[in-house]
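Hello,

Here is the structure I promised to pass on. My notes follow below it.

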Amino acid sequence: MLMSSEINHHELLANLSQDYYLSQLSLAELSEKYNLSRYLVNKYLDDARREGIVSINIAAPNPHNLELEKEFQKAFDIPHIYILKDNISPTETVENVLNYSAHQLAPLIAQSNTVGLTWGGTIFNIINYFPASVLEDVTFTQFIGENMKYKSAAGSMRMVELAAAKFSAEYITMTGPLYILNDEVRNLMAQEIAVQPAFQAAKRMDLLFTTLGTLSSLNSIPTWQQNTDKILTGIEPDDVAGMLYGRPFDINGHFLNLDNDKVFGLDVETIMSTPRRFGIVKSKFKTRATLGALRGKFLTDLVTTESIARRILSEK
């Protein structure tokens, strides 16, 4: 028979677990709500699993296609390539990509000091797959401006905040839109004291993770769509294979507008000096974008599926 103190402790573990796993409160929020240190919160969540209060079932990703990985290593000389076998269910294939990417990224994040990330539904879902931990010495940062999806959970600033909350880490946002057409305004904006912390942090990135975009990325924001010709001055739309770090690039892996770059944020050269640049591709519509990115060596790590990988080789 359980004593009162044991019942209270059992309830505490159950309540903590429910708030963490179901309500998705961060460790910092739990610490404040229950007036506990983050160390104790983390310990009690471990206790809840060990005592059977929480049971976690993980659907392991499909195994890798090792032959395709070897072929990609030879064709593109990418340091880290992960090609997951397709599941019968397309939905499960996508879930495997998200889950696998999160669990590859988590230890890389733990080994980093400064982590940059972009935005979008894929990034949002990967963050939700991250296993919880306390990384008080890690800082998440934007390295390019806001994508203007202010009402979306997948907006630039919200991605940084969400990732930091998952690890009880610090974060820095970059005030300003992704594109500033006036060169003088953009250059002066970068010198403002309000954005200097983000610029300085981004220059120290050990790791960034991102997805690839296409021209449809511009069409998703009315302001960008209305000014595409100005953002892509001198560029033929048919020459654009994909978008990365806010910039268009071609099928051969060349950024197309570096002499007329309208992006507010780190320049491409500085971004490319980041030691680990982790990309995730789960859409067959990004085949040409992925091929261009591979040829340009824009990424050091890539997670994708065997069906997309075969389309890339066919396009190549």
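A helix crossing counts as right-handed if the near helix is turned clockwise from the far one by less than a right angle. By that rule, the crossing of H5 and H6 is right-handed. Please keep in mind that this is a predicted model.

**The helix pair**

H5 covers residues 90–110 and H6 covers residues 121–129. Their axes come within 8 Å and cross at roughly 65°. On the H5 side, the contact is made by Glu95, Leu98, Asn99, Ser101, Ala102, His103 and Leu105. H6 contributes Thr122, Asn125, Ile126 and Tyr129.

**Strand S9**

How many of the 5 residues of strand S9 (residues 301–305) are buried? The count is 5 of 5, so the strand is largely enclosed by the rest of the structure. In a regular strand, side chains alternate between the two faces of the sheet. Both faces of S9 are covered. Asp301, Val303 and Thr305 are buried on one side, Leu302 and Thr304 on the other.

**Its neighbours**

S9 pairs with S1 (residues 80–84) and the two run parallel, joined by 5 bridges. Ile81 has Leu302 of S9 as its bridge partner. S8 (residues 276–280) also pairs with S9 in the parallel sense, over 3 bridges. There, Phe278 stands opposite Asp301. Between S8 and S9 the chain passes through helix H14 (residues 287–295). This β-α-β crossover is right-handed.

Best wishes

Technical notes
Residues are numbered from 1 along each chain as its sequence is written. This is a predicted model: local features need pLDDT of at least 70, side-chain atom pairs count only at pLDDT 80 or more; totals for chains, interfaces and linings use all residues. Side-chain values use heavy atoms; hydrogens and water are left out. Axes are lines fitted to C-alpha atoms, for helices over the stretch in contact, and angles run from 0 to 180 degrees between N-to-C directions. Helices (H or I, at least four residues) and strands (E, at least two) are DSSP runs, numbered from the N terminus. Contact means heavy atoms within 4.5 Å. Buried means under 20% relative accessible area, exposed over 50%, partly exposed in between (1.4 Å probe, protein chains only). Two strands pair if DSSP finds at least two bridges between them. A crossover is right-handed if, with the strands pointing away from the viewer, the path from the first strand over the helix to the second runs clockwise.
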